[in-house]
Every structure is written in structure tokens, then in C-alpha cells.
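Subject: Structure for your files

Hello,

Here is the structure I said I would pass on. My notes on it follow below.

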Amino acid sequence: MLKERVLTGDRVTGKLHLGHYVGSLKNRVMLQDQYETFVLLADVQALTTHFLKPELIRSHLREITLDYLAAGIKPESTTIFIQSMIPEIAELTVLFSMFVTVNVLRHNPTIKSESRNSGLDDMYYGFLGYPVSQAADITICKATIIPVGEDQLPHLELTRKIVRRFNELYKPILVEPKALISDMPRLVGTDGKAKMSKSLGNAIDLDSSAEEISHQIRKAVTDPARIHKHDPGHPDICPIYAYHCAFRPEGSSEIRENCKKGTIGCGDCKELITRSIEELLEPMQERRAYYKARSSLVEDILISGTERARTVAQSTMNEVREAMSLHYFD
Ligand code: TRP
């Protein structure tokens, strides 16, 4: 039996951090042995918000690829590919856009919240339409399982709608994907306020040195009610406790109890988690260094992944053209 195909992707907007590891990379590493896994470097989608600095996307693309390989994504099992190098995705996006209304896009809750800065009426056409392009990413690969965060659910719903519409209008050749939502809560940033995010400066990057990790943890916010070491703490509002749960789960209930009783101080608690994060990142950084020193190997991985994905995309596009009567000569 053929393995089901998994597709995930990242907008190429910056290096990856611990939040990405917990929320998606770790899961992708597990899924790659069970499914045929494709990972998309969404550079065109990154342009929808970063078109003023395309050269940054270029350097981020290398960094993210190193992050993938460092985290344990194996190029023998996972097809890593570059969105802009598959012109068939752009082609399918145009064809899909014929039967997606502007209103549907304007009411997409993720688009709405992401466009808060620009306002709905002032939105760039490419940005408004990126969910359609995402539907093309997914369907062109005939992927059926899409592991994503909850914010992506409206895009998955749109993809399913587009597939049903296409199949009913033309020919049933596309497959409806399902979302696979991670059961891990979003990792909170070191400020304890928002999810970990590069732009908020509350992230610990996967390539952080030991000094950077301990600096980030030292300056992390803890329970503000704990002024003295023996004050009882409230672990549920403390990002350090969240990190214990994520990276040192075996000791987390003990930490919780001791924090609540005031028998462990924030400094000691931070020491413990700093060491666990270092231990987690160390083997990743070794792999990162291995690939970083072999840039032509990394290039080959991207080129051959993109070739493999393009073969799939071309075959789907042939079927699409045929279904839509856009094949004129034999
Ligand atoms: N929009 C996704 C994100 O921000 C990235 C993405 C682009 C994606 N194309 C995709 C995810 C296709 C899954 C499938 O995370």
C-alpha cells in the first residue's frame, strides 16, 4: 500500500527557534518515518509580507534548511523543496483563483487578524490571495495530511472547499487534505506574555550558544509574586515552568510542587532548565555544524528535493489541464 503523503511548510522569514521545534519540527521528525513527507520552503508566501527585502529571504532559506537538518529531518526520507522553483504552483494558484471570491478571502479569520496593521481595504492582492496559493501547494502534491497550527485551519478549510469545487466542476482528480493539529500548546516566549516569536525578541533560537541560552533564560520573566526565594510560586503563569514541561517533562511535577511550596528558588529552577535546553540543542548543533561545513551537500538536498516535488507537481498539472480542457495539442 502507498504511504499517505504529508505536507508541511514554513514561510521563509527567519531562523527557527524552540517554539518551532516543539510545535512542528519534532513532530515532522517523527512523521517522516511513517509517511511520505514533503516540507515546503514557502519563499513566495514570505514575499507577501517581505517583498521589500527579498535578499533576506535568500539567506533565511539556507538557515531554515540547516535548522531542519539539525532538528533531525532526514533528506533521504523527507523531500525539502523551494516554492518559487515550482512554477506549476503559481499556475495552479491562478486557475484556482477563478472560483474563489474576494469575500471568502476577506472573511478568512487568519487573514483578518494578520492584516490588522494594513486594514482589509488596503491589503495587497498577493497577501489576500495567499490562502489560495497555499491550497495550490497542498493539492499539487496530492498531500492528504497537513500538520499545522490552529491559525492555519481556515486555510485548510478553504483548500478542502476548492478541491470539492474543482472536482465537481471538472473532474475528480484532486484529493481533500485533512489538518493534523499538534496537541502541544504553543510555547510561550521568555517574556511570559506571548507565544515565542522572533519579532518579539522572546525566542531562543535553535542555533543559540550556551551563553545565549543562559542569558535568555536568566532574563526570562518568572512569577512576579515571588520576591523572596521561599515565597510560594504560581507555576502555571511562569514560562520557565512551561519549559520544564516541554523539555524536562520527567521532572516537571516535582518542579511544580516545589515552586508552589516555595522550596525551590527561581534561580535554581532556571539553572536546571538551562542545562536541559543545552542538552537538547547540543546534538542539533553538531548536525548543524556538519551541514554548514558542507554547503554543496545542502544545495544538493534542496535541488534534488525540489526536482522530486516538481515531478509530482507537473504530473498533477497535466491532469488539471486535461480536466479543465486546457490541453490543445497532442
Ligand atoms: N502558512 C503556513 C505558515 O505560516 C506556511 C505554509 C505555506 C504551509 N504553504 C503551506 C503550511 C502548505 C502547510 C501546507 O505556517
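Predicted model: local features only at pLDDT ≥ 70, side-chain atom pairs only at ≥ 80, totals over all residues.

The buried residues of α14 include Val298, Ile301, Leu302, Gly305, Thr306 and Ala309. Further along the helix, Val312, Ala313, Thr316, Met317, Val320 and Ala323 are buried too. After α14 comes Ser325, which has a positive phi, near 60 degrees.

Next, the strands. β1 (5-11) and β2 (36-42) run parallel and are joined by seven bridges. In that pairing Leu7 sits opposite Phe38 of β2. On β2, six of the seven residues are buried, so the strand is largely enclosed by the rest of the structure. β2 also pairs with β3, again in the parallel sense, over five bridges. Here Leu40 is opposite Phe81 of β3. β3 itself (78-82) is mostly covered, with five of its five residues buried. That holds for both faces: Thr78, Ile80 and Ile82 are buried on one side, Thr79 and Phe81 on the other.

Helix α2 (43-50) has Asp43, Gln45, Ala46 and Thr48 buried. Leu52 lies in the loop that runs from α2 to α3 (54-71). Is Leu52 buried or exposed? Its relative accessibility is 72%, so Leu52 counts as exposed. Leu52 belongs to a nonpolar surface patch, together with Leu47, Phe51 and Tyr124. The accessible area of the four residues together is about 440 Å².

Helix α11 is another covered element. It takes in residues 239-247, and seven of these nine are buried, so α11 is largely enclosed by the rest of the structure. The buried residues are Pro239, Ile240, Tyr241, Tyr243, His244, Ala246 and Phe247. They pack against four helices: α1 (18-34), α10, α12 (252-261) and α13 (266-292).

On charged pairs, the count comes to 21 salt bridges. Three of them are described here.

Asp10 and Arg28 form a salt bridge in which the closest N and O atoms are 2.9 Å apart. The pair links distant parts of the chain, with Asp10 in strand β1 and Arg28 in helix α1, 18 residues apart. Both Asp10 and Arg28 are buried.

Arg288 and Glu63 meet through their side chains in a salt bridge of 3.1 Å, N to O. Arg288 is in helix α13 and Glu63 in helix α3, so this pair ties together parts that are 225 residues apart in sequence. Arg288 counts as buried, at 6% relative accessibility, whereas Glu63 is partly exposed, with a relative accessible area of 22%.

Lys15 forms a salt bridge with Asp207, and their closest N and O atoms are 3.2 Å apart. Lys15 lies in the loop between β1 and α1, and Asp207 in the loop between β5 and α10, so the pair ties together parts that are 192 residues apart in sequence. Lys15 counts as partly exposed at 23% relative accessibility, and Asp207 is partly exposed as well, with a relative accessible area of 26%. Lys15 and Asp207 also belong to a network of salt bridges that links them with Lys198 and Asp205.

The last item is Ala203, in the loop between β5 (178-181) and α10 (210-218). Ala203 has a relative accessibility of 12%, so it counts as buried. Which residues does Ala203 touch, not counting those up to four places away in sequence? They are His17, Met196, Ser197, Lys198 and Gln216. One of these, Lys198, is a member of the salt-bridge network above. Asp191 is twelve residues from Ala203 along the chain, and the C-alpha atoms of the two are separated by 9.0 Å.

Regards

Conventions:
Residues numbered from 1 in each chain as written. Heavy atoms only, no water. Patch = residues over 30% accessible without salt bridge, like charges linked within 9 Å, V, L, I, M, F, W, Y side chains within 5 Å. Areas by Shrake-Rupley, 256 points an atom, 1.4 Å probe, with all protein chains shown as cover. Helix = DSSP H or I, 4+ residues; strand = E, 2+ residues; numbered from the N terminus. Buried < 20%, exposed > 50% of the residue type's maximum accessible area, 1.4 Å probe, protein only. Contact = heavy atoms within 4.5 Å. Pairing = 2+ DSSP bridges.
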